[in-house]
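Visitor: I've got a chain here that I'd like to walk through with you. Could you take me round it?

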Amino acid sequence: MGLSLEAILTIRVTIWNEGRHEKTDAPVRAIYPDRIDGALAAGLAGRDFEIVRATLDDPAQGLPQELLDRTDVLLWWGHVAHEEVADAVIDRVQQRILAGMGLVVLHSGHHSKMFRRMMGTNCNLAWRELPQGDLERIWVINPAHPIAEGLPPYFEIPQSEMYGEPFDIPAADEIITLSWYKGGEVFRSGLTFYRGLGRIFYFSPGHETFPIYHHPMVHKIIGNGIEWAMRPHGSARKLDNWHRKVPIHR
Ligand code: ZN
């Protein structure tokens, strides 16, 4: 009979959350009682995703090879324990991305070993964390892009951590959203990158002490990012090193 249509269309998503704030920080637990990965999984429940949740403190740091091999798109949330992620884990995730797995990097994941590996730069930026937060207005500047599907011209997050330019990254392949803050700063907040056969979406709105991962518009754009990052060309030739000993002449 072959695969059902449903099996072909379902995207296998792994939400990887460092998961430390939720263990040690009561205010974070109050906002995210089922952890940040739980809030994201709940927000994405209406999509055709098969979701696995993993954390840094799971066996193999939550990312064993066999899980990566059956992951179409990996979400990455980290903040205080970037340096604890083993280089061997970063190596195998990088190779899966280059072979076609999608990667969606969230908020403070900008400073993760994973994102820095894929960018090749330090990924530094400007930031400000006020107790009451900063108003962030997210402008959709590439409305024709699939990640912008169904989004209004702009939306607002009343309490956000300011992430501002300059953002030390290589030029993005596409800029989907640009954020403005009440404090006057701007930031390239929704970006795509192509690496090997893989697609990467970075989306900055987030933060553990504000309820941003309960925001329906944030769920929508992350869900769109997952669908976009799913490799649409499964039979593509692997980009192996290719010794062309014999020239092609006619
Ligand atoms: Zn933050």
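Visitor: What radius of gyration does the protein chain have, against a compact globule of 250 residues?
Guide: This is a predicted model, where local features need pLDDT of at least 70, side-chain atom pairs count only at pLDDT 80 or more, and totals for chains, interfaces and linings use all residues. Residues are numbered from 1 along each chain as its sequence is written. Taken over C-alpha atoms, the globule rule is 2.2 Å times the number of residues to the power 0.38. For 250 residues that puts a compact globule near 18 Å, and the chain agrees, with 18 Å.

Visitor: Is R35 buried or exposed?
Guide: R35 sits in helix 4 (residues 35–43), helices being DSSP runs of H or I, at least four residues, and strands runs of E, at least two, numbered from the N terminus. The call goes by C-beta atoms, placed from the backbone: 20 or more others within 10 Å is buried, 12 or fewer is exposed, and in between is partly exposed. Since R35 has 22 C-beta neighbours inside 10 Å, it counts as buried.

Visitor: What is the phi of Q61?
Guide: Q61 is in the loop between strand 2 (49–55) and helix 5 (65–69). With 19 other C-beta atoms within 10 Å, Q61 is partly exposed. Though Q61 is not a glycine, its phi is positive, at about 55 degrees.
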